[in-house]
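Visitor: I'm new to reading protein models. Could you walk me through this one?

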Amino acid sequence: MMGARYVAIPAVGPLARALPPLGVIAFLLVWWLVTAAGLVNPAFIPSPGQTAQALLDMFHDGIARKGDSAILDSSAVADGWASIARVAKAMFWAAAIGIPIGVMMGAFGRVEAFLKWVIFPLKTAPIIAFIPVFMTIWGVDETMKVGFLFFGTVVYMIPLTFDAISGVPEEYV
């Protein structure tokens with residue numbers, strides 16, 4: 001017996017293109033109404049205007065003038081680039097280590113038997129629970145941050161690569 005399957009009915013007609021921006025506008029309107037009516041503490045949910053002003057302040061805190069040009073040295077931009085660099089390092093190492101391990105597990109049964117029951121349970125573990133372990137081993141410096149991102153990525157990359165390799169039909173091998 002086959003269970004019921006939900007299939008969304010696509011939006012068609014003249015409103016189809018207008019619905020996404022209308023959804024955003026409706027969200028902003030409800031947000032503004034809730035904060036303007038004082039239904040929530042502004043310390044927890046500030047108004048859209050206060051939020052936009054805080055965002056602008058965050059980017060303008062580091063703009064300095066040098067002649068006719070502005071030099072952007074915002075803490076938000078610097079922190080953003082630091083985060084991008086961390087993620088790039090972690091993704092590089094996760095791919096460099098995880099993909100070959102996944103390929104070997106998918107291609108060689110002995111490697112799969114040796115590693116599968118160590119790696120696959122980590123995929124279902126709450127990765128955030130490992131933060132105290134990483135902090136204990138590496139402190140809270142850059143190494144811990146990159147290592148945690150690496151760990152959180154590689155435990156998914158290995159099983160996905162394994163599944164892709166083991167799913168290749170025999171006639172292609």
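Visitor: How do you know how far to trust the model?

Guide: This is a predicted model, and pLDDT is the predictor's confidence on a scale from 0 to 100. The chain averages 86, and 88% of the residues score at least 70. Confidence is highest in helix 1, at a mean of 95, and lowest in strand 2 (residues 69-72), at 51.

Visitor: What makes the span of helix 1 agree with expectation?

Guide: At 1.5 Å a residue, its 18 residues should span 26 Å, and the end C-alpha atoms are 25 Å apart, so the two agree. Just after helix 1, Gly 38 takes a positive phi of about 75 degrees.

Visitor: And what span does helix 6 reach?

Guide: Helix 6 (residues 142-166) has 25 residues and reaches 36 Å from its first C-alpha to its last, close to the 36 Å expected. There's also a bend of about 25 degrees at Val 154.

Visitor: Why is the pair of Phe 120 and Phe 162 called edge-to-face?

Guide: Rings pair if their centres lie within 6.5 Å, and planes over 60 degrees apart count as edge-to-face. Here the centres are 5.4 Å apart and the planes sit at 75 degrees, so the pair is edge-to-face. Phe 120 lies in helix 4 (residues 109-124) and Phe 162 in helix 6, so the pair ties together parts 42 residues apart in sequence. The structure holds 7 aromatic pairs.

Visitor: What makes Glu 142 and Arg 86 a salt bridge?

Guide: Side chains of opposite charge can pair when their charged atoms come close. The cut-off is 4 Å from nitrogen to carboxyl oxygen. For Glu 142 and Arg 86 the N to O distance is 3.0 Å, so the pair is within that limit and counts as a salt bridge. This pair links Glu 142 in helix 6 with Arg 86 in helix 3 (residues 75-107), 56 residues apart.

Notes
Residues are numbered from 1 along each chain as its sequence is written. This is a predicted model: local features need pLDDT of at least 70, side-chain atom pairs count only at pLDDT 80 or more; totals for chains, interfaces and linings use all residues. Side-chain values use heavy atoms; hydrogens and water are left out. Helices (H or I, at least four residues) and strands (E, at least two) are DSSP runs, numbered from the N terminus. The expected span of a helix is 1.5 Å times one less than its number of residues. The bend at a residue is the angle between axes fitted to the seven residues ending there and the seven starting there. Rings of Phe, Tyr and Trp (its six-membered ring) pair if their centres lie within 6.5 Å; planes under 30 degrees apart count as stacked, over 60 as edge-to-face and the rest as tilted. A salt bridge is a side-chain nitrogen of Lys or Arg within 4 Å of a carboxyl oxygen of Asp or Glu.
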